[in-house]
There are 2 protein chains.
Amino acid sequence: MGGRNEVLRRQSQRTKFNNTDMDFAFNLALGVSQIVGMNPGEVLAAVATVKDGDPRSWRESFYREARFLSRRADSCVQSGKLEQAGQRAFGAAYARRFALGFASPNTKAWNIIIHEMEQEFMRGAALSHVPIRPIEVPFESSSLPGYYLEIDGAPRPTLLVVGGGDTFREDLFYYGGYPGWRHGYNVLMVDLPGQGKTPDRGFTFRHDSSTSIAACLDWLEANASAPDARIALFGLSGGGYFTAQAASTDSRVAAWIASTPITDIGKVFSSEMGGVQKAPGWLTNMAAAIIGRTNSALQVSLEKYAWQFGTKDFAEVLARAPREAPIVDASSITCPSLFMFGAGEAKELARQTQALAAAMKARHQDVTVRKFEHAEGDAHCQVTNLKLAHQVIFDWLDRRFCTVSTASPESAPQREPTH
Amino acid sequence: MGGRNEVLRRQSQRTKFNNTDMDFAFNLALGVSQIVGMNPGEVLAAVATVKDGDPRSWRESFYREARFLSRRADSCVQSGKLEQAGQRAFGAAYARRFALGFASPNTKAWNIIIHEMEQEFMRGAALSHVPIRPIEVPFESSSLPGYYLEIDGAPRPTLLVVGGGDTFREDLFYYGGYPGWRHGYNVLMVDLPGQGKTPDRGFTFRHDSSTSIAACLDWLEANASAPDARIALFGLSGGGYFTAQAASTDSRVAAWIASTPITDIGKVFSSEMGGVQKAPGWLTNMAAAIIGRTNSALQVSLEKYAWQFGTKDFAEVLARAPREAPIVDASSITCPSLFMFGAGEAKELARQTQALAAAMKARHQDVTVRKFEHAEGDAHCQVTNLKLAHQVIFDWLDRRFCTVSTASPESAPQREPTH
């Protein structure tokens with residue numbers, strides 16, 4: 001179970017901060033540096049002024065770094081160093097993204113930083129020649145914001161990346177978009193209801209995400225240059241639940257990857273996230289703040305979750321989810337599936353992963369479980385070993401889709417002659 | 001000046017360890033994860049069992065991780081996952097390399113670990129299709145061990161990477177070899193006298209490294225498939241002094257890159273490394289060890305340096321270097337030069353960099369100084385932002401050698417279609 005001071009158990013060890021949510025965020029920032037955006041040195045410069053557990057110092061430090069990187073991107077553009085400019089712009093986008101990690105949506109800064117993040121993200125993509133474009137997926141009376149990365153007009157497999165309770169669609173780029181592009185996949189990355197900035201459009205998390213994922217697949221059918229039935233769903237964190245719902249109901253899902261697969265989100269809430277309820281309530285917190293003992297980083301997170309769920313507080317989510325969130329019918333999941341989980345993650349996530357895999361194996365279905373050991377990085381969503389996770393994913397997926405399964409350019413790209 | 005507890009000031013902030021030499025080694029390991037080898041999660045798993053300042057726990061932790069990665073590489077080979085196998089093998093090589101960072105050459109384990117590191121390094125290169133081969137550069141009555149990375153038989157520019165007091169030739173691969181290969185350069189990486197395992201061949205650091213670098217250039221002339229006059233020297237750390245000697249005397253050096261350039265190594269020793277002399281002597285150390293107050297990590301480093309210098313202890317080096325090490329004649333350096341230094345580095349290194357650049361500019365020579373600010377990672381040898389350093393180097397070098405200077409594949413490689 002997550003302790004009193006963290007939302008969810010997501011790693012087995014402490015790197016720098018005693019506040020575990022903040023330590024996980026630090027590990028995420030270091031991990032993303034392997035793929036795109038900030039260098040480790042830029043992450044370390046940002047955290048140098050972070051006070052352990054203090055969300056304000058975290059926000060200010062990463063936003064300061066973000067502005068620095070934006071200026072660097074500007075000057076690189078001016079001097080014609082476009083490759084450097086692209087990386088700095090991506091870094092400027094992700095420094096803002098990390099700043100948002102301990103920010104409240106109930107502030108003026110929230111939307112300003114999101115807007116700047118989106119601009120820097122698109123600047124980074126353009127300068128790095130990543131063929132990505134912002135899209136809107138029609139949904140109910142409005143739409144869901146997304147990015148579509150289409151390599152060219154040829155038929156290609158598509159990866160639809162689905163995040164969880166803490167993702168913006170920009171996060172889906174380092175989780176799946178960038179490596180997907182490198183491996184020859186088109187990639188669709190959309191904020192589902194409750195994710196990213198969608199609560200401001202009136203969308204909050206709902207019991208059934210199969211309809212919003214179906215809307216993404218509808219969009220793909222209508223807009224892909226060359227329709228291709230090889231469509232894989234990749235769900236991360238809470239996205240392991242959302243994609244389970246789609247995999248069990250939508251026959252267009254040709255392969256399913258989840259880190260981790262979740263069939264009973266209510267059980268995850270009650271077993272693993274109840275710890276935060278033991279944190280002192282708001283009034284107690286105010287008193288605690290005065291004597292400096294509150295966990296304000298946690299409170300910011302809980303405030304954000306309430307906004308995403310459309311509830312008055314996170315306690316309401318914890319009370320209602322176990323009663324209201326439907327259990328996914330595992331027997332109707334028949335597509336080839338790859339499940340990944342880390343040894344340092346919450347026990348209930350491992351339990352549901354193993355149980356689902358066992359049930360599918362009993363039905364002789366194509367299911368693979370990849371456990372990430374402590375020695376290779378055992379964190380939630382494989383944030384400290386993304387490159388390895390990507391190798392695992394595309395090794396597996398290339399074989400399922402009968403595409404080239406030999407060495408791909410992800411971690412050891414072939415040299416490109418420039419001379 | 002380096003304090004009582006560190007060899008040299010190499011960064012401006014602390015990441016995890018109070019022992020600054022160990023903290024720098026940790027930052028290096030995280031930084032290298034951006035380029036090749038261990039994932040951040042593997043580095044974090046290793047340091048989880050390191051006791052701050054305790055060299056033995058560092059060695060054992062990284063060696064445990066190294067063995068784990070070797071086993072993983074084996075199983076990936078067996079299951080045909082060759083890309084994963086290549087990265088795991090490189091990781092197994094570098095985990096051993098990092099273990100050696102706090103090991104003494106006066107132990108049986110030293111040569112065993114070096115041998116295993118070399119084997120895993122070559123396995124990683126082969127599995128990753130990096131065309132690298134071990135070579136021996138004839139020198140005096142023996143030879144210097146090196147690696148030569150030749151892309152093909154076409155004329156291409158060559159980068160000769162030269163390390164410092166703490167490098168093995170395998171380190172030169174992430175500093176310059178791998179990115180050089182990605183940018184279309186042939187690369188030569190050699191352990192000069194005193195470096196790597198050369199003290200076991202009777203070679204120790206000497207006053208003049210221009211002769212050993214000349215031997216490398218002789219080797220290149222005799223062995224390159226297509227001789228090409230575009231030869232760049234890249235010196236790191238103490239290599240900034242060794243390459244300065246060659247740049248001032250060998251007309252075959254067509255471009256010089258140094259991080260940082262050093263013309264007066266004696267001054268660096270006397271100004272920046274004298275702090276370690278204030279550490280208690282051996283007898284005092286023994287007493288201190290009993291009450292647990294010794295800095296054993298530092299003592300291991302000093303023992304290694306004495307072995308590399310061929311002196312009875314490091315104090316002798318500190319006493320003799322300022323008197324004996326020649327000052328490089330800056331006026332004879334005429335090739336285009338790029339100097340890099342970090343804002344967190346020792347002041348004397350920054351001073352010599354600026355002084356040399358000013359002298360060269362006064363003579364209207366082509367010299368560029370790139371200072372790495374705190375906000376972008378200000379560590380020695382740019383260990384926390386290697387990807388950025390590589391962009392800076394090849395942007396600069398491509399222009400000097402009149403090769404393609406537009407976006408190169410280093411940090412945003414073009415996707416390679418596999419479908």
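## The sheet

In this predicted model, chain A holds an open sheet of eight strands in the order β1-β2-β4-β3-β5-β6-β7-β8, with mixed pairing. Strands (E, at least two residues) and helices (H or I, at least four) are DSSP runs, numbered from the N terminus; two strands pair if DSSP finds at least two bridges between them. The edge strands, each pairing on one side only, are β1 (132-139) and β8 (367-372) of chain A. From one strand to the next, the twist averages 20°.

Eight bridges join β1(A) to β2 (residues 142-149) of chain A in the antiparallel sense. A:Ser143 in β2(A) is the bridge partner of A:Pro138.

## Two packed helices

Two packed helices are described by the angle between their axes and the distance between the axes. Axes are lines fitted to C-alpha atoms (for helices, over the stretch in contact), and angles run from 0 to 180 degrees between N-to-C directions. Helix α3 (residues 55-78) and helix α4 (residues 82-100), both of chain A, pack at about 165°, with axes 8 Å apart. Therefore α3(A) and α4(A) are roughly antiparallel to each other, a term for angles over 145 degrees. The residues of this contact comprise 15 nonpolar (Ala, Val, Leu, Ile, Met, Phe, Trp, Tyr, Cys and Pro), three polar (the others, Gly among them) and six charged (Asp, Glu, Lys and Arg).

## Basis of the description

Residues are numbered from 1 along each chain as its sequence is written, and chains are lettered from A in the order in which they are written. Local features need pLDDT of at least 70, side-chain atom pairs count only at pLDDT 80 or more, and totals for chains, interfaces and linings use all residues, while side-chain values use heavy atoms, without hydrogens and water.

Key:
Parallel < 35°, antiparallel > 145°, perpendicular 65-115°, else oblique.
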